Structure formats: structure tokens, C-alpha cells
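Let's take a walk through this model together, starting at the ligand and ending with a handful of single residues. Have a look at the fold before reading on.

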Amino acid sequence: MIDVERLCRGCMRLLPEGAAVCPVCGYDREREIPSNGKCLPVDTILHGRYLLGSVLGEGGFGITYIAFDLVAQGAVAIKEYFPVGLASRDVEAASGQQVLVMPGEAGMHFRNGLRRFSQEAENLSRFQELPGIVAIRDFFSENGTAYLVMDFIEGQSLKQYMQWYQRDKGGEPMEYTVALALMEPVMGSLAQIHGAGIIHRDVSPDNILVDKEGQVTLIDFGAARAEVSMPDYRSVTVMVKHGYAPEEQYRTHGSQGPWTDVYALSATLYHMISGTLPMEAVERLYRDELIPLKKLTLPAPVPEEISDVIEKGMSVRAENRYQGMEEMYQALKEARKQEAERQAREEEARRQEAERQAQEKAERNAAQEQPGEAAQDQAERGKESLTDPPEQERLRQGDGSSQAQGDGQGGTVCGVLAVVVGALGIVSAVLELLSMIL
Ligand SMILES: Nc1ncnc2c1ncn2[C@@H]1O[C@H](COP(=O)(O)OP(=O)(O)OP(=O)(O)O)[C@@H](O)[C@H]1O
Ligand SMILES: [Mg+2]
């Protein structure tokens, strides 16, 4: 049994004896920030088994805490349903940890959202073994609200990972192959989840965690999000993720479905590969200036087949997109296959060309080595020298041509002189012979 007192409330690791500051996450027990009145204080025990640590995040419809599961003896993350604008709490007041629901219409939205939150937790818990999707371990109601217990993932968000990656590569974004490999499990699992009628609604780099092994996990499913987006434009725009959210999420009655996640996931891929946040979907409605990946100058150019799939996934109009992740996943698989086949064809063509050139060279060498074919060989060499580009260049520049010509004339003069000298030699020899006879 772990000594719970020695657990760091920031990361739930065991602190060294007597240490107040965690050497791993830097959490300082003595400088613990008191609860803002809304979040549950550190050391609260929920459902008789979860010891709460610090707050991991506060969003539009919930508060996420790190916690220690006293039964399973391990760290977990717990999401508390707490929609902004529909609920309040004052832990200092007599009501304590109880969530207070706003009166009137807000109360109805709170309850509807709570119902969706619970239904989704139940549905998601069936997919515990899927890679790329956070595993739901428990779900319970307490304090007038509900709690979702998940595996705690040690790591950083994809948003941070992308920044780190770009810095590490001297400013270059992620290669498309790396981005696709990273996101593959998320796509595959989302395809299955869509098949079960569940939509994520908030796929974005800050809802994807990357652990030390480079495995990615999608967190923060939000069925309740649809309900708690109040029907006024301002609150809707506060809740959507600009650059990743499709246009239907900006509308109160926009029709959301698996195609909504298709847009957000494609936009996430676009950001990973291009290094820039895509233009907002609602702006694209008026003037679409999104540049397809294949047209961007990137260190690893994106093949047309892949770029086209991501572009289709990011179609502004939902009807032009893939209708679910399964469809997009298959299209990407097909695109990768086509790309691999094209590359193989190009590689084969290059290999055949190299082989042809090598054969030609071998034939020329063989011809040069055959003495019976000396004339042909000479002709061949003559031909070669004419087609030899450096030689042509030298001739074209004229520096060698006068020299060559001079050499030719000099050779002729020498030949004539040799003949004259030879003839004189013969004459003197004849005269010498005659003088001897006489
Ligand atoms: N299972 C988990 N393991 C580790 N950290 C987690 C886990 N779930 C959430 N977190 C952390 O908590 C933060 C907030 O969680 P989450 O994304 O679920 O809610 P949110 O975005 O703050 O809120 P909302 O969904 O209400 O808009 C995340 O950014 C992440 O850092
Ligand atoms: Mg989130």
C-alpha cells in the first residue's frame, strides 16, 4: 500500500521522504493555491475511493482533476460535469461541494447536458481497449452532478508536441508521413466510435495527448457540449475551437454529425503538416483562401493523393466532406496505396533507365576492346569526342580550336620537311657510292 500522504498532488507520484516540492512536476504542497470556490479542493475524496489532486483544466462544460484511485492504487483523471453559465458552487458556503443549478431555462439545459454526459460515459466505456481513445474506467453521480474516471495519461498535448517538434527541427513542421502515422490510431478508433453513433465534437491538438512513447490519445469527448452551448451566438463562438471547428458548429441549429469530427481531424492534420493554423471555417464560407497542402512548399512535399483527401475532409460544406471517419480512413489508406504504387513505378523507371545506361556503356567499352574493329572503334571514338560536351564547350569557346588548327598545319610542314630530308639522304648516299666505284 502506498503511503498516500507522500503522494504529490500534482502528478500523484511518490515524493522523496520529507520533500514538499515534487522533483518531477515541481508541484509545491506548501504553496498550494486555495480553491477558487468553484473547483473541489485538493484531498477531497469522491465516491469513497478517489483522492483528488490539483485541477488539470477548467473548460466550458467541465473541470478535470488528477486523482489517486485508492482501490486500484494508481493515478486517474476525473472529469466533473460543470457547465459554465448553468451551474455554480461555493465550497466555502454551507452548500459545500454541492453543484448549484441556475434557475429557469438554464436548469433544463443543465439536466439535459447531464443526461447526455452520462449516456456518453456509458457508451464510451464499451471502447476501453481501443488505441488512440482514452479509456473510461468508472462513472458515478455525486454532489448534484456526475463524474467520469479515465486513465491518467502522462505526457503533453499535441499542441505542445507540435511546438516542440518544430523547434527541434529548426522551424520545420512535421513531415506528412510522421503526422499520418501519429494520428492513425485516433482515426481508426474514431471510425469505430462513429459507427456506434458517438461524435467527439472537439477534435483539436489540445484534446490529443502524446505520451513518452509517442502514442496519441484523444480525450475530452463532449456529447454534453451540444446541449450546453447556449442558444446565443456569443457563447457558441466561445466554445468552438477556431481553425478546427467546422462552420456548422458556429450555428445554433447547425447539423452536427461524424462529418463534424472529419473536418476537425482534417484541420488538425493540416496544422500538423503545414505548421500553420487553418483559416477559420466561417471565414472560408465567404472567401476560401485555404491553400491545399500539395501547393505548399514544404521540406517533405505532400503527394497529391494525400493532399486531396485532407482537402476533401476540410470541405466547408458538410455534404462535400467524407460523412464519417471510416470513409476518410479508407480514402487515406487508398491514397497511401496509390502513392506507394506511383513511387514504386517511378523507382522502377529510374532503375530501368540506370540499367539501360550501364548496358550502353558496357557495349561501347566492349567495342573499343576488339582489335578487328579498330576502324569502327576509331570512328566511334571520333563520334564520342564530338558528342563529348566538355570538348564541345571547349571548341565552342574557341580557346582550343586555333590550337587544334595550328597543330594540323605544323604536322603538314613537318611531313614535307621529312620527305625532303629523306630524299637528300638518298641522293648523298648514291653520290658516295659512285665516288667509291669511280
Ligand atoms: N485522461 C487524462 N490524462 C491526463 N491529462 C488529462 C486527461 N484528461 C484531461 N487531461 C488534462 O486536463 C486538461 C483539460 O481536460 P479536458 O480537455 O477534458 O477539458 P477542457 O478542455 O478543460 O474542458 P471542456 O472540455 O469543458 O472544454 C487537458 O488539456 C489535459 O491537460
Ligand atoms: Mg479540452
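Which domains give at least three residues each to the shell around ligand 1? Domain 1 (1-152) and domain 2 (154-358) both do; the bounds come from an automatic or database domain assignment.

A quick word on the ground rules: this is a predicted model, where local features need pLDDT of at least 70 and side-chain atom pairs count only at pLDDT 80 or more, while totals for chains, interfaces and linings use all residues. Residues are numbered from 1 along each chain as its sequence is written, and chains are lettered from A and ligands numbered from 1 in the order in which they are written.

**Around the ligand**

Ligand 1 is surrounded by 22 residues, where a residue counts as near a molecule if its C-beta atom, placed from the backbone, lies within 6 Å of it. The closest ones are Leu-56, Gly-57, Gly-59, Ala-77 and Asp-220. Two or more residues of this shell come from each of strand 2 (50-58), strand 3 (62-69), strand 4 (74-81) and strand 8 (145-151). Strand 2 is the top contributor, giving 3 residues.

**The chain as a whole**

Zooming out, you'll find 12 helices and 11 strands in the chain. Of the 438 residues in the chain, 31% are buried. A residue is buried if 20 or more other C-beta atoms lie within 10 Å of its own, exposed if 12 or fewer, and partly exposed in between, with C-beta atoms placed from the backbone. Take the contacts in the chain with a separation of 6 or more: 55% of them join residues 24 or more positions apart. A contact means that the C-beta atoms of two residues, placed from the backbone, lie within 7 Å.

How do helix 3 (residues 176-195) and helix 9 (residues 325-369) sit against each other, and at what angle? They pack at about 145°, with their axes 8 Å apart; axes are lines fitted to C-alpha atoms, for helices over the stretch in contact, and angles run from 0 to 180 degrees between N-to-C directions. On the helix 3 side the contact uses Met-187, Gly-188, Leu-190, Ala-191, His-194 and Gly-195, and on the helix 9 side Met-325, Glu-326 and Tyr-329. That set divides into 5 nonpolar, 3 polar and 1 charged.

**Some residues one by one**

Is Tyr-165 buried or exposed? Tyr-165, in helix 2 (residues 158-168), is buried because 20 other C-beta atoms lie within 10 Å. Arg-31 sits in the segment before strand 1 (45-46) and counts as exposed, since it has 8 C-beta neighbours inside 10 Å. Gly-197 belongs to the loop between helix 3 and strand 10 (208-211), and with 9 other C-beta atoms within 10 Å it is exposed.

Here is how far each of these lies from a partner elsewhere in the chain.

| Pair | Apart along the chain | C-alpha to C-alpha |
|---|---|---|
| Arg-31 and Val-21 | 10 residues | 9.2 Å |
| Gly-197 and Pro-258 | 61 residues | 8.2 Å |
| Tyr-165 and Met-272 | 107 residues | 9.9 Å |

Now for backbone angles. Most residues other than glycine have a negative phi. Asp-43, however, has a positive phi near 80°, and Gln-73 one of about 55°. Asp-43 is in the segment before strand 1 and is exposed, with 11 C-beta neighbours inside 10 Å. Gln-73 is in the loop between strand 3 and strand 4, and is exposed with 10 other C-beta atoms within 10 Å.

Key. Helix = DSSP H or I, 4+ residues; strand = E, 2+ residues; numbered from the N terminus. Nonpolar A, V, L, I, M, F, W, Y, C, P; charged D, E, K, R; others polar.
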